[in-house]
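Please look at the structure before reading the points.

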Amino acid sequence: MTEMVTWTCTGCALLCEDIQVRVDNNRIEQVEHACLKGKARIFGCKHVAVPAVNGAGVSIDDAINEAARILKGAKNPLLYGWSNSTSEAQMAGIELARTLGGVLDSTSSFCQGITINEIIKGTIPSCTLEEVREQADVMIFWGANPMSSHPRHLSRYSYFPRGELRQRGYEEDRTAISIDVWQSRTAKICKDKFYRIPPGGDAEFMRGLMDGLSGRVPKLSFDFDVKRILELAAVLKKAEFGVIFAGLGLVYSMKEDFGLLSEFMDTLNRFSNYSLIPMAGHFNMRGFNQNLYDETGYIYRVKFVDGKAASGVEFSVVEQIKHGADAVLVVGSDPLASLPASISRRLKDIPVILIDPCMNLTSQVADVTIPCSTSGIEVGGTAVRMDGKSMEISPLVQGVNMSDEMVIKRIIEEVG
Ligand code: SF4
């Protein structure tokens with residue numbers, strides 16, 4: 001049977017819900033509207049995972065039993081990943097961490113978590129992508145290159161569409177600004193509104209802009225034409241609806257000085273109406289932060305003791321892998337590829353359980369591999385878009401594996 005399905009793409013946290021997919025007898029035949037990144041997600045892994053213990057193929061039940069045995073025997077298990085899982089699987093993960101008295105952290109721990117935390121707590125104002133599309137006239141891509149990370153961002157929401165209040169489109173009604181250390185594809189679209197800053201110069205440039213906004217002459221330690229900062233401050237002041245898209249370049253650079261970002265937002269909002277949206281990468285990174293916050297009051301880096309949660313930097317994935325965790329459950333992530341080698345190499349000394357549809361670098365050190373269906377392709381559920389909007393996701397085809405949610409629930413039964 002052939003059918004055309006409207007689908008929500010889980011290729012990134014933009015969660016485009018206008019993708020058309022032709023499915024023929026449980027096979028994906030044709031995809032329209034998705035970017036290349038989305039298509040890569042739809043057409044799945046190069047190498048599918050198979051159940052294994054210590055490199056030898058086993059049944060799925062044996063793999064789950066061995067995972068449960070390792071986790072139950074661990075004094076301080078770390079449960080990590082989660083940004084490529086539905087909210088339902090994330091909730092099961094929270095329950096498992098609580099049952100085990102373990103540590104729970106997600107990829108947002110070294111990504112957008114710090115920004116999402118400020119937004120969830122209301123310290124930094126945010127808005128929806130629909131508001132951006134209909135109203136925004138000034139947008140800053142700061143340390144962000146959505147043309148690569150979220151390829152349909154500019155065309156669907158931020159720059160190219162004609163919005164309710166922006167009928168004359170990007171040519172006349174919108175100003176796109178890029179502040180970055182390199183001239184990315186997004187920066188090229190911003191043309192003369194590209195401001196190249198030196199690596200690590202974000203906080204200083206931000207202070208310079210705050211000076212410019214407040215009518216003071218900015219003083220920078222690096223070589224930069226002060227007139228350009230004053231011109232930019234004038235553009236920002238005139239905005240009717242401004243938005244900052246905070247990329248990882250900004251987040252990494254501001255880590256030690258993150259309070260400055262709230263101050264900057266406050267300064268902007270003395271003159272106009274500004275919001276910030278974190279450029280979350282994985283499709284449900286923000287969902288994990290929101291779900292954990294709703295359950296515990298913390299967005300990440302949580303340790304459960306007697307069912308109660310505590311949070312601190314010592315419970316981050318990095319600190320736990322360095323000196324804490326005596327077993328690691330990885331769900332839908334590849335820490336061996338994404339963490340610094342000096343940290344991830346310690347995974348070779350800790351029992352590692354990997355739940356993932358695909359083989360990845362971490363598979364090479366995993367003691368137990370449990371394949372699962374691909375969220376958003378073979379299993380549906382709920383996810384939270386980068387701007388905090390909750391979205392329903394339907395599966396496209398039926399897979400052969402259990403969902404990660406089901407696998408985790410099976411482990412809970414075994415360890416409970
Ligand atoms: S921009 Fe992201 S959500 Fe949209 S089609 Fe591309 S990968 Fe999928």
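**Helix packing and domains**

Helices α10 and α13 are roughly parallel to each other, because angles under 35 degrees count as roughly parallel, over 145 as roughly antiparallel, 65 to 115 as roughly perpendicular and the rest as oblique. The model is predicted: local features need pLDDT of at least 70, side-chain atom pairs count only at pLDDT 80 or more, and totals for chains, interfaces and linings use all residues. Residues are numbered from 1 along each chain as its sequence is written.

**α10 with α13**

- The angle between α10 and helix α13 (residues 259–271) is about 25°, and their axes are 10 Å apart. Axes are lines fitted to C-alpha atoms, for helices over the stretch in contact, and angles run from 0 to 180 degrees between N-to-C directions.
- Helices (H or I, at least four residues) and strands (E, at least two) are DSSP runs, numbered from the N terminus.
- The crossing of α10 and α13 is left-handed. A crossing is left-handed if the near helix is turned anticlockwise from the far one by less than a right angle, and right-handed if clockwise.
- On α10, the contact is made by Ala203, Met206, Met210 and Leu213; on α13, by Leu260, Phe264, Thr267, Leu268 and Phe271. Two residues are in contact if their C-beta atoms, placed from the backbone, lie within 7 Å.
- This contact of α10 with α13 has 8 nonpolar, 1 polar and no charged residues. Ala, Val, Leu, Ile, Met, Phe, Trp, Tyr, Cys and Pro count as nonpolar, Asp, Glu, Lys and Arg as charged, and the others, Gly among them, as polar.

**α10 with α11**

- Helix α10 (residues 202–213) packs with helix α11 (residues 226–238) at about 65°, with axes 8 Å apart.
- α10 and α11 are therefore roughly perpendicular to each other.
- Their crossing, that of α10 and α11, is right-handed.
- Gly208, Leu209, Gly212 and Leu213 of α10 make the contact with α11 residues including Ile229, Leu230 and Lys237.
- The contact of α10 with α11 divides into 7 nonpolar, 2 polar and 1 charged residues.

**Domains**

- Domain 1 (47–110 + 283–415) and domain 2 (113–278) come from the domain assignment of the protein, which is automatic or from a database.
- The C-alpha centres of the two domains are 33 Å apart.
- Domain 1 has 12 residues in contact with 10 residues of domain 2.
- The side of domain 1 that touches domain 2 has 4 nonpolar, 5 polar and 3 charged residues.

**Ligand shell**

- The ligand is surrounded by 13 residues, the closest being Cys9, Gly11, Cys12, Cys16 and Gly38.
- By class, this shell has 8 nonpolar, 3 polar and 2 charged residues.

Terms used:
A residue is near a molecule or strand if its C-beta atom, placed from the backbone, lies within 6 Å of it.
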